[in-house]
Amino acid sequence: MSNKIQRVRGTRDLLPEDSLLFRFVEESAYEKSLLYGYGEIETPIFEFSDVFHRTLGETSDVVNKETYDFTDRGGESLTLRPEGTAGVARAFISEGMMQNLPLKFYYSGPMFRYERPQKGRYRQFYQLGAECLGYDSPLADVECIALAWDILQKIGISADCTLEINTLGDVESRAAYREALVKYFTAHQDQLSADSKMRLEKNPLRILDSKDEGDKKLNANAPKLEQYLNETSQTFFKKVLEGIEKLGIPYKVNDHLVRGLDYYCHTVFEFTTSKLGAQGTVLAGGRYDGLIETMGGPKTPGVGWAAGIDRLADLTPKELAIKKEVLIAVVGADDQGEEESVKVAYEIRARGLKAENFLSGKMGKKMQKANKVGANYALILGGNEVANKTVTVKNFATGEQTEITREALKSFEFKI
Ligand code: ATP
Ligand code: MG
């Protein structure tokens, strides 16, 4: 039995320096979402298993192999959410929000998938995402992609990312394409991976998404959806591409892009990077007009995306995430000074400034620590300063040292 005190495989501890980056990414995304009129929604981390099993499709990898399913003490079948869209759609239906369309939601939080852990791939990972419900216009796809692009720009990684985009067409086009794929893959069945043989029966489109090397070779010569797109689908895709071109967002059409989930139609897209090794997709999404109906709600079009925060944070330049602000070390030179230092630090922080207080040790050691944490100033307090209601201010940048009154300290201007 593994009752060792360890992290569970595929989970991570986000230490303070990781959290700084995570917060920066989430706050940037949240701010941008507000600019686009997306409101934050927080759905539960677990749902009835059906919410995911019905929507993600029984042939998807996520549902077949990756969900954390369990029965609770009341005998309910529950699943830890592997992604955000199904929960948002469930909330839309069960909260009766149909009267308020169109609706735009932003979310972020942990997701759970039983995957093979590796760098950039975890069993508890974090996503932020956006869902736009109620528009069947391709312009909604454009705005949704624009939001994603704005976020990548804000967190300083857009230059490392490429937008890959494709269309899956509407229901009619997909049906025709599906037929062509079945014909092609059936003729090469012996070369398909075991997983893809199963996909061939249930959802042949998914074979195009396979990571198996043999499948990939077959995929290179598979029929292209392009040839099966009806006029409606072609026009839709053209409008999406024109829209993103108009905004100056660079993109590449990738006709192999199909996305892992069943509920997509028309637009699918991914932002990929070459900077993260094998786990190169940082953000992925598309249009899912059939999803809400599949879940028992009214027919409602939708388009959205999700991004892996773990991967975004890996790419984000630290200097962007870490705010440059003045740090003031408060240094008690003796017992009396040390006691008073708590109050001085308290008053500094009340001004909204960062103060680090050293609560034990000799004065020399404290000054060393102040240097080590990168303090810009030291406020030195000994018995004399306490008696005279003063403090000695040392500016580390200039080496300058002056004694000022505690009254003057209240409005002293600290500069970096
Ligand atoms: P992949 O092809 O990498 O398995 P996916 O198609 O399963 O990705 P989505 O379900 O579309 O991914 O999730 C959107 C984003 O969430 C991904 O692009 C990725 O950045 C992130 N993501 C997905 N699974 C994981 C994971 N196990 N660990 C970390 N990030 C993940
Ligand atoms: Mg996956």
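**Exercise 1.** Decide whether Asp310 is buried or exposed in this predicted model, and describe its surroundings.

*Solution.*
Step 1. The relative accessible area of Asp310 is 5%. The cut-off for a buried residue is under 20%, so Asp310 counts as buried.
Step 2. Asp310 belongs to helix α11, which covers residues 309-315.
Step 3. Leaving out residues up to four places away in sequence, Asp310 touches Arg12, Phe22, Tyr122, Phe125 and Tyr126.
Step 4. With one of these residues, Arg12, there is also a polar contact: the two side chains come to 2.8 Å. The cut-off for such a contact is 3.5 Å.

**Exercise 2.** Work out the order of the strands in the open sheet, and state which strands stand at its edges.

*Solution.*
Step 1. The sheet is made of 3 strands in the order β2-β4-β3, with antiparallel pairing.
Step 2. β2 (46-48) and β3 (68-71) each have a single partner strand, so they stand at the edges and one side of each has no neighbour in the sheet.
Step 3. From one strand to the next, the twist averages 35 degrees.
Step 4. In general, strands of a sheet pair through backbone hydrogen bonds. Here β3 and β4 (residues 77-80) are joined by 4 bridges.
Step 5. Within this pair, Tyr68 is found opposite Leu80 of β4.

**Exercise 3.** State how the protein is divided into domains, and how many Å separate their centres.

*Solution.*
Step 1. Domain 1 takes in 16-170 + 230-319, and domain 2 takes in 324-409.
Step 2. Taken over C-alpha atoms, the centres of domain 1 and domain 2 are 48 Å apart.

Technical notes
Residues numbered from 1 in each chain as written. Chains lettered and ligands numbered in written order. Predicted model: local features only at pLDDT ≥ 70, side-chain atom pairs only at ≥ 80, totals over all residues. Heavy atoms only, no water. Pairing = 2+ DSSP bridges. Helix = DSSP H or I, 4+ residues; strand = E, 2+ residues; numbered from the N terminus. Axes fitted to C-alpha atoms, helices over the stretch in contact; angles between N-to-C directions. Domains from an automatic or database assignment. Buried < 20%, exposed > 50% of the residue type's maximum accessible area, 1.4 Å probe, protein only. Polar contact = N/O pair within 3.5 Å; in protein donor to acceptor, adjacent residues only side chain to side chain. Contact = heavy atoms within 4.5 Å.
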